[in-house]
Amino acid sequence: MPRFNFTIKQLRYIEAAGRLGSIAHAASELNISQSSITSAIDGLENEVGFDLFIRTRAKGLQTTSGGEQVLTLIRRFIQQSRHFEADVRSVGGMASGTVRIAIYGTSAPSFLPVILDNVTKKFPQLSVKIMEGTLPTVMDFVSEGEADLAFTYEMATDARHRFYPLLVAPPYALFSANDPLGQRASITMEELSTHPMILLDLPVARYFFTSLYTARNLKPKIAHTTQSSEIARALVSAGFGHTLLNMRPPGYEKDDTRFRAVPISNCDNAPKFGMATIEGTRQPEVVQTFMKNCLEMRDDGAFEPLIIQ
């Protein structure tokens, strides 16, 4: 049986090369020499007796079938080492270490400041690494061990995940502050279907927002599409139409001079937003502390101001 003499640092070199498909890119990300990464790959290939990667000039590194299995084991081991390190750091009783969170990009500007402000004050020795992405991407971060948990909508999870709801976020319509419809106390889907819409064109989000119309045999009047909630809000403010969102815009107040958020009176589909982890996975103490704090914030009503109703 081979006896492996590899450091965690060397395994991280190999994982980065496989994830990025390039020795040069991995070296840049880790701020080390390319030769260090090459040496780590060559050493492990010699130990296991087969190639982890196919190296070509045009395509960089392509993972072999055996290499993919090894990379999966390496990622799992690295995640376990992070958990061990976090648990050791928390022995003193004060939560310390790093929590790696993935968050749905359109929700991040509204949701993250609430979380980070609270955590920074309560746990000054705890740091947070943030990864943004689409609904499918943030769950990939968790599944692949790059993130400890995801802040996402329940609709993006499946049987592999455990979901902890933090708030129910009914969709609302966002109008320009100069649009008469923005002065309404509420609006119906039927009324919205006759006005120009700026559609948030992201995986899952596009289906969800258009389904609000099709569920009532309506068709949205799509004038523009964008993959950025910030651009959608900018187009709304400029008077190009309305958009549908779930969380209160960052810094929004009822007398906002940019736009107005109007609840939808006959929309019954209010998705749940919360934390998602891999079902059955033991989390390190620092992550458990972070998650427990989020649930306490929920119970104290900290997330209610994010809802338009």
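Predicted model: local features only at pLDDT ≥ 70, side-chain atom pairs only at ≥ 80, totals over all residues.

Visitor: How many helices and strands does the secondary structure of the protein come to?

Guide: Helices (H or I, at least four residues) and strands (E, at least two) are DSSP runs, numbered from the N terminus. Here there are 10 helices and 12 strands. The C-alpha trace spans about 75 × 50 × 35 Å along its principal axes.

Visitor: What percentage of the 309 residues is buried?

Guide: A residue is buried under 20% relative accessible area, exposed over 50% and partly exposed in between (1.4 Å probe, protein chains only). Buried residues make up 47% of the 309. An exposed case is Tyr-207, with a relative accessible area of 64%; Tyr-207 lies in helix α8 (residues 205-214).

Visitor: How is a pair of aromatic rings described?

Guide: One gives the distance of the centres and the angle of the planes. Rings of Phe, Tyr and Trp (its six-membered ring) pair if their centres lie within 6.5 Å; planes under 30 degrees apart count as stacked, over 60 as edge-to-face and the rest as tilted. By this rule there are 8 aromatic pairs.

Visitor: Is Tyr-153 buried or exposed?

Guide: Tyr-153 is buried, at 4% relative accessibility. Tyr-153 also pairs with Phe-273: the ring centres are 4.9 Å apart and the planes stand at 75°, so this pair is edge-to-face. Phe-273 lies in strand β12 (residues 272-278), so the pair ties β5 to a part 120 residues away in sequence. Tyr-104, Phe-111, Phe-151, Tyr-153, Phe-273, Phe-290 and Phe-303 form one aromatic cluster.

Visitor: At what angle do helices α2 and α3 cross?

Guide: Axes are lines fitted to C-alpha atoms, for helices over the stretch in contact, and angles run from 0 to 180 degrees between N-to-C directions. The axes of α2 (residues 23-30) and α3 (residues 34-48) come within 8 Å and cross at roughly 115°. Contact means heavy atoms within 4.5 Å; Ile-23, Ala-24, Ala-26 and Ala-27 of α2 make it with Gln-34, Ile-37, Thr-38 and Ile-41 of α3.

Visitor: Which order do the strands of the open sheet of 3 strands have?

Guide: Two strands pair if DSSP finds at least two bridges between them. The order is β10-β7-β11, with antiparallel pairing. The edge strands, each pairing on one side only, are β10 (243-245) and β11 (259-263). Neighbouring strands are turned by 35° against each other on average, direction ignored. Strand β7 (residues 172-176) pairs with β11 over 5 bridges, and Tyr-172 stands opposite Pro-263 in β11. Helix α9 (residues 229-237) packs on the sheet and touches β7, β10 and β11, its direction making about 50° with that of β7.

Conventions
Residues numbered from 1 in each chain as written. Heavy atoms only, no water.
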